[in-house]
Amino acid sequence: MTFEVIVVGGGIGGLTCAALLAARGVSVCLLERASRVGGCAANFEHLGHDFEAGAGLYAGWRPDGLHARVFAELPVEAPEAREVAPAYTVRLPEGLDVPVGGPAEEFYAALRDCFPECAGAAVDFYRAAAEVGEALLRAARREPALAGASRLRLLGLAAAEPRLAPRILAARGDTTARHLAGTSARFRHFVDAQLQLSAQVASDECAYLYAAVALSTPLRGLHAIRGGAQALADVLAESIGRSGGSVRLDTTVLKLAFDPRGRAAGVTLLSGETLGASRAVVSNLTVWDTFGKLVGAAHTPAPVRARLKSLRGRGAYQVFLSLEEEAARRLPSDKILAPGSRREGEPFDAEGGLFMLGAAPRWDARAPAGRRATTLSAFTDTERWFTFHSDESEHEAEDRRALEELWGRLHAALPELGAGAEVFETATPRTFYERTRRRLGMVGGAAQSPDAFGANAQTHRTHIPNLLLVGDTVFPGGGVAAVTHSAVVVADELAPFKHR
């Protein structure tokens, strides 16, 4: 059987790309190895609770935002999304709460109150980041494939931003730390905690242009989705079918099929069946898995292999909690980012000193009456979970140690929780690997350092003709909005939509 386009992987990126292509009249088939769509964004159900895989905060859901433009093309309604204000709270080590998001001037007033030792510099940093971030988003709206745009097109985009273009061009190779001059160690710790969450690196490594977009995103509004990302995945899958496309679950793709000229021509399934693709194969796997599994070493040249080795990612350790409503009301907000203590000059400890608590909103508790489904997330070294264990009990012992350590940090940072949270289940990188087959169970995309962002980013194109990429390891990075953007880029290349 032959389709025009085959999409490998049913994460948000693959689903969005397939839904747009099907709505534009392209013959498309999406293949997903699991029994449900969603990929690493799929919800986890347990004892009447429906847990999200992350904090449950989503960008791009304003009436004029990215997802509105996507769903304007689709024959289905978007899931309900409501703005979260504040988007989240950063609980500093001394117990001070910094609300992030809401109207910009209110946020700047909070910065002055919380960081009096560098109030002016802190506000100036955020004002500059917000200006640059907005300009970059405007450019991405005009040219979605921004990372791979031609020099002529980039000159045109710069001409549209005469005031900010020189500043953006001058900052292309900068780390965020270069723009934090005059700020205190406490403020830099506050910034680093947020960058670790979104960029997987701290300010001394994070590309400033990426940070400008990421840090200013809460000021543009973050939303909660009724039913979480799973609801988004399900409605996108429904859209594919309504538009005449097909979704095949429980279908494992073994490898890419090539034509005599070395172009991607389809895929071979684990069952032995080969499906043809007359126009393109779109991979929603990570870049590591696309080349390591789908393409194979024989078709991956040395420069590409070296590039893949230079990219970094992290694993997540998660605890799924049932949170009492009364305990939730004692917290400063539904979403709390808590960095640990840190001496000035010390590197940021992402694995041992940071966690994110994300409770489902009261209007969509996803739990029995009086409780809320809540996900507690922390970074972890993936390799420690894949070292040799003589039996499963050693992995279970490692899981218990990680749970005890994170549980202690949770209650030290948020004593007001009291006994209001009950542990239901945990998830390690091995859990994510078993669910998604992502390399070492890594989540959240690649670290956004200057050598991996912007002009140096992995774009949707590959060295193999007719093989394209979507997902959180290609431009513009991690998060549902970024993954959706990558899908729009590929859909527009294969079947341009003229009225966006």
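Start with L111, F115, Y126, F187 and F190: these have the most contacts inside the largest nonpolar core, a set of 60 residues. A nonpolar core here is a set of buried Ala, Val, Leu, Ile, Met, Phe, Trp, Tyr and Cys residues joined through side-chain atoms within 4.5 Å. Buried means under 20% relative accessible area, exposed means over 50%, and partly exposed is in between (1.4 Å probe, protein chains only). Now colour the elements that give two or more residues to this core: β6, β7 (97-100), α3 (104-114), α4 (119-142), α7 (185-199), α8 (208-220) and β15. Of these, α4 gives the most, with ten residues. Helices (H or I, at least four residues) and strands (E, at least two) are DSSP runs, numbered from the N terminus.

Zoom in on L111. Leaving out residues up to four places away in sequence, L111 touches A122, V123, Y126, F187 and F190, where a contact means heavy atoms within 4.5 Å. Apart from this core lies another, of 42 residues; select V7, V37, V70 and L468, which are among them. In soluble globular proteins, nonpolar side chains tend to be buried together.

A word on what you're looking at: this is a predicted model, where local features need pLDDT of at least 70 and side-chain atom pairs count only at pLDDT 80 or more, while totals for chains, interfaces and linings use all residues. Residues are numbered from 1 along each chain as its sequence is written, and side-chain values use heavy atoms, with hydrogens and water left out.

Next, the holes. The structure holds three cavities of 30 Å³ or more. A cavity is a set of points, on a 1 Å grid over the protein atoms alone, where a 1.4 Å probe fits but cannot get out; lining residues have an atom within 4 Å of a point. Points are joined across faces, edges and corners, and a volume is the space filled by probe spheres set on them.

Select Q448, A452, Q458, T473 and V474: of the 13 residues lining the largest cavity, these lie nearest its centre. Its volume is about 90 Å³.

Then pick P144, A145, A147, G148, T459, H460, V474, F475, S486 and V489, which line the second largest cavity. That one has about 70 Å³ of space.

While F475 is selected, step along to P476: the peptide bond between them is cis, with omega near 5°. P476 sits in the loop between β18 (467-469) and α15 (480-494). P86 is in the loop between β5 (81-84) and β6 (88-91).

Two backbone spots come next. R366 has a positive phi, near 55°, in a residue other than glycine, and lies in the loop between β15 (354-359) and β16 (371-380). Is R366 buried or exposed? R366 is buried, with a relative accessible area of 12%. N466 also isn't glycine, and its phi is near 75°. Find N466 in the loop between α14 (429-436) and β18; this residue is partly exposed, at 30% relative accessible area.

Finally, zoom out. The protein has 15 helices and 18 strands, and its C-alpha trace spans about 65 × 60 × 45 Å along the principal axes. Of the 500 residues, 57% count as buried.

Notes. 1 Å grid on protein atoms, 1.4 Å probe; cavity = no way out; pocket = protein on both sides within 12 Å on 5 of 7 lines; lining within 4 Å.
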